[in-house]
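This report sets out the chain, its principal pocket and a selection of individual residues. The sequence and the model are shown first, and the description follows.

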Amino acid sequence: MHCLEFILAATIHLGLSGDYNNIHPGLQCTHGDTIVGTYYNSERRMSSYIGRKIALGGGILEVGVTTGYNPKIAPILRYRMDKIFIIPAYEIKGGGGNTFGLIIGWQF
């Protein structure tokens, strides 16, 4: 068990039109396959999350739920190989017509 580690990620948001934060400091605790943490999200708010790590191919798939977005509790799916990760993303627009994109990042 290695609990409480500082994490820092830098991201780019592909296919999305919002003005997003690209630097995400946070804290994470890993216990076996379970991850719990908090981070400063793309919408400039604090988020908390809980999830599981699943070995997949040459990387790790992280599946869980997170807070701090719209809706207030959202699913999260992140695939990470070493320090590089990819996350499917979507924007909810007020007048409808949601936009789907990708978040690509590097976790230090």
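How much space lies in the largest pocket? The largest pocket holds about 820 Å³ of space. A pocket here is found on a 1 Å grid over the protein atoms alone, as an open set of points with protein on both sides within 12 Å along at least five of seven lines, whereas a cavity is a set of points where a 1.4 Å probe fits but cannot get out. Grid points are joined across faces, edges and corners, and the volume is the space filled by probe spheres set on the points.

The model is a predicted one, in which local features need pLDDT of at least 70 and side-chain atom pairs count only at pLDDT 80 or more, while totals for chains, interfaces and linings use all residues. Residues are numbered from 1 along each chain as its sequence is written, and side-chain values use heavy atoms, with hydrogens and water left out.

**The pocket lining**

The lining of the largest pocket comprises 35 residues, and Tyr39, Tyr69, Ile76, Ile87 and Ile103 lie nearest the pocket centre. A lining residue has an atom within 4 Å of a point. By class, the lining divides into 21 nonpolar, 10 polar and 4 charged residues. Nonpolar covers Ala, Val, Leu, Ile, Met, Phe, Trp, Tyr, Cys and Pro; charged covers Asp, Glu, Lys and Arg; the others, Gly among them, are polar.

At least two lining residues come from each of strands E1 (2-14), E2 (23-31), E3 (34-40), E4 (46-56), E5 (59-67), E6 (73-81), E7 (84-91) and E8 (99-107). Strand E7 supplies the largest share, 6 residues.

**The chain as a whole**

The protein chain has 0 helices and 8 strands, in the order β-β-β-β-β-β-β-β along the sequence. These elements are DSSP runs numbered from the N terminus, with helices (H or I) of at least four residues and strands (E) of at least two.

Along the principal axes, the C-alpha atoms fill a box of roughly 45 × 30 × 20 Å.

Of the 108 residues, 36% are buried. Buried means under 20% relative accessible area, exposed means over 50%, and partly exposed lies in between, with a 1.4 Å probe and protein chains only. The accessible surface comes to about 6500 Å², of which 66% belongs to carbon and sulfur atoms; the Shrake-Rupley method with a 1.4 Å probe gives these areas. Among contacts (heavy atoms within 4.5 Å) between residues at least 6 apart in sequence, 27% join residues at least 24 apart.

**Selected residues**

| Pair | Separation in sequence | C-alpha distance |
|---|---|---|
| Lys53 and Gly68 | 15 residues | 21 Å |
| Tyr90 and Ser42 | 48 residues | 12 Å |
| Ile104 and Arg80 | 24 residues | 9.9 Å |
| Leu16 and His31 | 15 residues | 33 Å |

Lys53 belongs to strand E4. Beyond four places in sequence, Lys53 touches Thr30, Asp33, Ile35, Ile60, Leu61, Glu62 and Arg80.

Tyr90 is placed in strand E7 and is partly exposed because its relative accessibility is 37%. With neighbours up to four places away set aside, Tyr90 is in contact with Pro71, Ala74, Thr99 and Phe100.

Ile104, in strand E8, is likewise partly exposed, at 30% relative accessibility. Its contacts, leaving aside neighbours within four places in sequence, are Ala10, Thr11, Ile12, Leu14, Phe85 and Ile86.

Is Leu16 buried or exposed? Leu16 is buried, since its relative accessible area is 14%, and it lies in the loop between E1 and E2. Not counting residues up to four places away, Leu16 touches Ala89, Glu91, Thr99, Phe100 and Gly101.

Two loop residues have positive phi values. Arg44, in the loop between E3 and E4, has phi near 60° and is not a glycine; its relative accessibility of 41% makes Arg44 partly exposed. Asp82, in the loop between E6 and E7, has a positive phi of about 55°, although it is not a glycine. At 67% relative accessibility, Asp82 counts as exposed.
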